[in-house]
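Subject: A structure for you to look through

Hi there,

Here is the structure I promised to pass on to you. Please open it next to this email and look up each part as you read.

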Amino acid sequence: MDLKSNEPFWLVKNGLRASYPSLHSNAECDILVVGGGITGSLIAHQCIRDGYKTMLIDKREICNGSSSATTSMLQYEIDTPLYKLIEMVGEKGAVASYEACYRAIDQLGEIATKIKSEAGFSKKYSLYFAAFKKDVDWLQKEFETRKEAGFEVKWLDEQEILKKYNIHGAYGGILSTQGGSVDAFCLAHELLQYNHKKGLMIYDKTELVHVDYKRRFNLCTTATGAVIKAKRIVYCVGYESTNMIKEKFVDLLSSYAIISEVDETLYRQYKDVLIWNTAKPYLYMRTSDDGRFLIDGEDEEFRNPVKRDALIGKKEQKLIKAFKKLFPDKTFYSDFAWAGTFGETKDGLPYIGEHPDFKNSYFVCGFGGNGITFSVTGMEMVSDWLKGKKHLMTPYFAFGR
Ligand SMILES: Cc1cc2nc3c(=O)[nH]c(=O)nc-3n(C[C@H](O)[C@H](O)[C@H](O)COP(=O)(O)OP(=O)(O)OC[C@H]3O[C@@H](n4cnc5c(N)ncnc54)[C@H](O)[C@@H]3O)c2cc1C
């Protein structure tokens, strides 16, 4: 599956940070992590921390899937508003999902500190604003619901948003104290390098092509001709899980991103806040730690990579126009534009758990605008399951829910 256009910013910025060999001889491990994006890197980090003999393989170069194209906003706010999620899955599951993402931001910060990351992890406020007057009522309802659930939120009206953030046409919004951003590509590489030194076996350009699921272990054949005997597999294969699982569980679409030249003025004003809105598809914005302004949005409801990439120039112009509308006194000097496949689930929640067709295995599929924070929660879940423990989020993130 073609997951992204050429030259997403993070790939250009970081280059080929590390390259690992492909696997050509048979091997054995406790845990085989399939996929070396941000999810696989986090899961492998947890498995090494828990003391398992762990191997990670990726069919591409490390982190050349969605994790190189992401905008890496770290939000506790799920694509489905809390009040709607309560209607869909009940109060307990909905609030627990928001709380899990809330905690995940701090957990990621702790990991970044622990491994002495230079991936620019930083905590930020998050402003979720009404793009249309008609959205104000439900957004206020969302504000009340979040407040009642104990999240630290403040309502800002149109004038307050204009004064504080100089955003035009924001008809009111929720300001949250919890949010963050990072360079996920860089962080994934750092995590793998850190754990490689602690014994994590890493092979890229090594595709898993066949698995014999036995009673107590799996025999995993790679395209390079090796067989890996693994007690457990953790599939962290991102959107390519849709090629493995027969039932449909996620809608794949195309998303577009642009990043400005280094711009001191924009950076200084917006470095502490994530900004997103209620438009459909929504627009979301953040700064990068090297002083740029990043915008994502303009999603299209198809995945076709040729069609997707042909639209990049047009989408770049549309995103710049949207910026101009919100910030009429500022100029956006675009430096890079790219596109990526993006996934939306029916409730905005991820799919993390076992699947009946894959014995001795777990999937960690952190989809949507919270893909990264969900993957952090996935670490905790996989860790508990491997120890035979239960996890609160199991039923809410399960296949077939
Ligand atoms: C434009 C865009 C914006 C986004 N914005 C945000 C955001 O702001 N915040 C957020 O949290 N999330 C965001 N996301 C989502 C987020 O990027 C993803 O959830 C995350 O990158 C998924 O990481 P992953 O490691 O699961 O998948 P990937 O990075 O795709 O990694 C999966 C890996 O599995 C490998 N693989 C697949 N099959 C096999 C096989 N058979 N054998 C070996 N290896 C295999 C692939 O080569 C790939 O490297 C965005 C995504 C896009 C595209």
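Predicted model: local features only at pLDDT ≥ 70, side-chain atom pairs only at ≥ 80, totals over all residues.

**Around the ligand**

Which residues come nearest to the ligand? There are 40 residues around it, and Gly37, Gly65, Gly238, Gly340 and Gly371 come nearest. Sorted by class, this shell holds 21 polar, 13 nonpolar and 6 charged residues. Helix H2 (38-49), helix H11 (371-386), strand S13 (251-260) and strand S17 (334-344) each supply at least two residues of the shell.

**The nonpolar core**

The largest nonpolar core is made of 119 residues, and Leu32, Val33, Ile43 and Val234 have the most contacts inside it. Helix H4 gives the most to this core, with 11 residues.

Setting aside neighbours within four places in sequence, leucine 32 is in contact with Met55, Cys220, Ile228, Ala230 and Ile233.

One of those partners, alanine 230, is worth a visit too. You will find alanine 230 in strand S12 (residues 227-235). Is alanine 230 buried or exposed? It counts as buried because it has 24 C-beta neighbours inside 10 Å, and the cut-off for buried is 20 or more. With neighbours within four places in sequence again left out, alanine 230 is in contact with Cys29, Ile31, Leu32, Phe217, Asn218 and Cys220.

Let's begin with helix H1. Phenylalanine 9 lies in this helix, and it counts as buried because 23 C-beta neighbours are inside 10 Å. Not counting residues up to four places away in sequence, phenylalanine 9 touches Ile259, Phe336 and Trp338.

Next comes helix H3 (residues 82-89), where Leu82, Leu85 and Val89 are buried. Seen down the axis of H3, these buried residues fall within an arc of 55°, so they line one face of the helix. They pack against H4 and helix H5 (136-148). Glycine 90, which follows H3, has a positive phi near 95°.

Helix H7 (residues 184-196) has 13 residues, and from its first C-alpha to its last it reaches 18 Å, close to the 18 Å expected at 1.5 Å a residue. How many residues of H7 are buried? The count is 10 of its 13, so H7 is mostly covered. The buried ones include Phe185, Leu187, His189 and Asn195. The buried residues of H7 pack against helix H1 (9-14), H2, helix H4 (91-114), strand S9 (201-203) and H11.

**Backbone details in the loops**

Look for proline 281 in the loop between strand S14 (273-277) and strand S15 (284-287). A cis peptide bond joins lysine 280 to proline 281, with omega at about 0°.

Asparagine 166, in the loop between helix H6 (158-165) and strand S7 (173-176), has a positive phi near 60° although it is not a glycine. Asparagine 166 counts as partly exposed, with 14 C-beta neighbours inside 10 Å.

Lysine 205 is another non-glycine residue with a positive phi, about 55°. Lysine 205 sits in the loop between S9 and strand S10 (208-213), and it is partly exposed, with 18 other C-beta atoms within 10 Å.

Enjoy exploring, and write back with any questions!

Best wishes

How values were computed
Residues numbered from 1 in each chain as written. Near = placed C-beta within 6 Å. Helix = DSSP H or I, 4+ residues; strand = E, 2+ residues; numbered from the N terminus. Nonpolar A, V, L, I, M, F, W, Y, C, P; charged D, E, K, R; others polar. Buried ≥ 20, exposed ≤ 12 C-beta atoms within 10 Å, placed from the backbone. Contact = placed C-beta atoms within 7 Å. Expected span 1.5 Å × (residues − 1). Core = buried A, V, L, I, M, F, W, Y, C linked by C-beta atoms within 7 Å. Arc of directions from axis to C-beta.
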